[in-house]
Amino acid sequence: MGLRDRDARRAVLRLRRGPENNSTWNTGLDQVPPVTAPQVYYGDNPGDQPEVLDPLVELGGGGQAPMGGPTYRFDESLESDVKFPEYWDGHPFMAEFSQDYVVAFTMDELSSDGEVTAVEDFLPNSHLETVNQPIWDNVMDMEFGPDGALYVLEYGDGFFRQNPDAGLYKVTYGSDDTTPRAAISADPISGSTAPLEVTFDASATTDAETPNAELTFDWDFDGDGEYDAQGETVTHTFTDLGQYNVQLRVTDAGGNFGLAIQRITVGNTAPEITLSQPDGAIFNWGDAVPYTVTVNDAEDGDQPTCRNIQYTFGLGHNTHAHPEVTGRAADTEAGCGFTIQTSPDAVEHGEGEKIFGTLVVRYTDQAQGDVPAITGEATHILKPEVQQAEWYDAAEGVEVVDDEAAGAGGYVTSLDEGDSFSYSPIALHHAPTGEAINEITLRGSGEGTVSLGWTAEGSDTSEALAEFEFTGEGWQDVTQALSSVPEGSGSITVTSTGGVDVDQLSFAVGEGPVEPVTVPVDQVSIGMFSLIPWVNEVGLEAVLERLSEIGFENIEPFGSNFNGYTAEEFRALADSYGLSVKSSHYNVNEDTFDETLDYVTTLGQEYVGSGGFPAPGIGTYENTLATAEAMNRLGERTVEAGLEKFFGHNHDGEFRTMYEHEGETLSAWEILVRETNPEYVTFQVDVAWAAHAGVDVVELLEEYGDRIELLHIKDAVNLTPAVVRPSPTSVRATCRCRTSWPPRRRPASSSTSWSTTSPRRARSSPRPASSTSPVSRPASPRSP
């Protein structure tokens, strides 16, 4: 036998014996039993497991945290009125910690070779809520007792602390009369001195069959086993210092009773802990997050020993958490503090899973004589800067759809009018830097409006936060800068007009809302080409009159507007309405250019150009160079005639047409810019056509701003790949801004963020709205 054969045989023998436990901390078997195939396994979605096991991913929420349970054995001889019936005999039980359910399996044989043939939802939460019983809430363990009842231990919500909704429950069978669910609230729960008057309220108690008015409420204030008072709401004065476990017993007419306990401390007040970060602050895994902790204690004062402040930070996953870092605060310049270095590897916990940061901070004050010390605590959540839509904390009316193309494999749909989903707690505060979150990007698909509303913690009033417009299928990122950022913690609610699916929300520290650059009204012209339907309907003079009333001072005509008018006549017509012609789209044929110059000079133009470029065009590289030469010649003649410059006006073809030029691949538009003389030639950038060609208009302006003295801004609502000219329904304005464009933060969508579209109107509308943009806004036009 060769060496390789011996190694292979040894490997097979090891597999038959089972894995070797070579852990340093092993105190048991070195050779564990052989591995067996699981009888139950599940993933995230239906189909990730055998069909019979699909209910394990359909009954609850997301995540996987199975808790193995007992197998029920029915004992016919057992005299018990609470034991489970024979129906459940031989059924193994399992709880899902993350998804909050309990199931029972039916198997073809009760052995390690048996196969699951059915999964049964045991006491669904929807039923338990209906009958006012405690729901399954992060079940940790369960066992059948000797009486045949099921005993369940629950962790409850919250992390690394004494959760108020943790509990030990007894599930019994055979009675139509359920046990009351006792609940206490007390105010105050601690005080510095005696006597201390405390009001106890049990009105949150519920019973499935019996109204509270028919229940009996018994109170034991001193823990001696004797009940001292009755009533749903009672007041008791504690005359002696000490710590008291007040017990409430609630009994129904059938003798079933439920218990609840509330601790009251007299002679020592619980410390109040405040964290410098608001609950739900934004971070990203890998960030270092600083915290400052203040402690106020009625007896000890507000100068705690920093090392006595303890914290636990963990990775929250759905409804549970994994502790990662524990420590103590230290003295800092700001007071007691610590910094959490979050792990960049946390995202590997589960691709697409809802994970977040969790923090619990505790401080135990000093005992006051014989009165024990009290531990106060504060809990805190950190939310990642990208929040998947399906990670919502509450929702109404929506559905989650699996889709590999979505950000985390799913998105929210059926967000119709009246439906919503929300995130809480959340704070528009960047935890690592302390800066305000003033920019939100929403990824959606469809047509409609998605709105975000903000509700501050403790408030019932919601205020509008941001709106996002979507105009077509396919995932789109729309970014909104917030004009004002609410402080503190609260909730964000997502609603829609309908028709939009939502993939995710991203929260960022941006530059904030950019103050609009106000362009003087005398530098803004309304493009007459867009007004063809209006002119055809009411006539040119009526349109000019209305434009003057709106507040425009300039127009940009095109060739057909001049039909039937001499230059003098058109100038007089425009003058009569207080309108000037600073530029037009007119004839730039070199052979007749002297006539053009005479005409436009009479009109009072500053710039000369057409709705395109002069011949021979950009059909070939050679033609493109020839067109640049023609522009130089026409530009020189323009300047010699006493005008500003000659301009070229783009559509999308100038940016889509690419040629090799001096060792680079450039668009025809870029070649024209490089090969023309800036002393004579400038460019009028049609923003809509440039964006339609895939150009980042902001970057274009940053790079070539010194060559662009005219912006042509329009909504261009009907641009499609098949269109060769803009639809006449679009509204245009031309801005004359001879300046180098200042660098700006790149927007999420260059085709929509530089030029803001005008309000849309029907084709037959006789009055278009004036166009506005950050660089083209009449300073004082009157409303149309």
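Q: Patches are made of residues with over 30% relative accessible area and no salt bridge, like charges being joined within 9 Å and nonpolar side chains (Val, Leu, Ile, Met, Phe, Trp, Tyr) within 5 Å. Which residues make the nonpolar one here?

A: Met140, Leu153 and Leu168 make a nonpolar surface patch of about 300 Å². Areas are Shrake-Rupley values (1.4 Å probe, only the protein chains shown as cover), and a salt bridge is a Lys or Arg side-chain nitrogen within 4 Å of an Asp or Glu carboxyl oxygen. The model is predicted, so local features need pLDDT of at least 70 and side-chain atom pairs 80 or more, while totals for chains, interfaces and linings use all residues. Residues are numbered from 1 along each chain, and side-chain values use heavy atoms, without hydrogens or water.

Q: Where is methionine 140, and how exposed is it?

A: Methionine 140 belongs to strand E5, residues 139-144 (helices, H or I, of at least four residues and strands, E, of at least two are DSSP runs numbered from the N terminus). Its relative accessibility is 39%, so it counts as partly exposed (buried is under 20%, exposed over 50%, partly exposed in between).

Q: On to the rings: how many aromatic pairs are there?

A: The count is 37 aromatic pairs (ring centres of Phe, Tyr or Trp, the last by its six-membered ring, within 6.5 Å; planes under 30 degrees apart are stacked, over 60 edge-to-face, the rest tilted). Phenylalanine 93 and phenylalanine 122 are edge-to-face, because their centres lie 5.2 Å apart and their planes are at 90°.

Q: Where do those two sit in the chain?

A: Phenylalanine 93 is in strand E2 (92-96), and phenylalanine 122 is in the loop between strand E4 (116-121) and helix H3 (125-130), 29 residues apart. Phenylalanine 93 is buried at 2% relative accessibility, and phenylalanine 122 is buried at 6%.

Q: What about phenylalanine 200 and tryptophan 219?

A: Phenylalanine 200 and tryptophan 219 form a tilted pair, 5.5 Å between centres and 45° between planes. This pair joins strand E10 (196-201) to strand E11 (216-220) across 19 residues, and both residues are buried.

Q: Which residues form a ring cluster?

A: Ring pairs link Tyr72, Phe84, Tyr87, Trp88, Phe93, Phe122, Trp136 and Phe144 into a cluster.

How values were computed:
Buried < 20%, exposed > 50% of the residue type's maximum accessible area, 1.4 Å probe, protein only.
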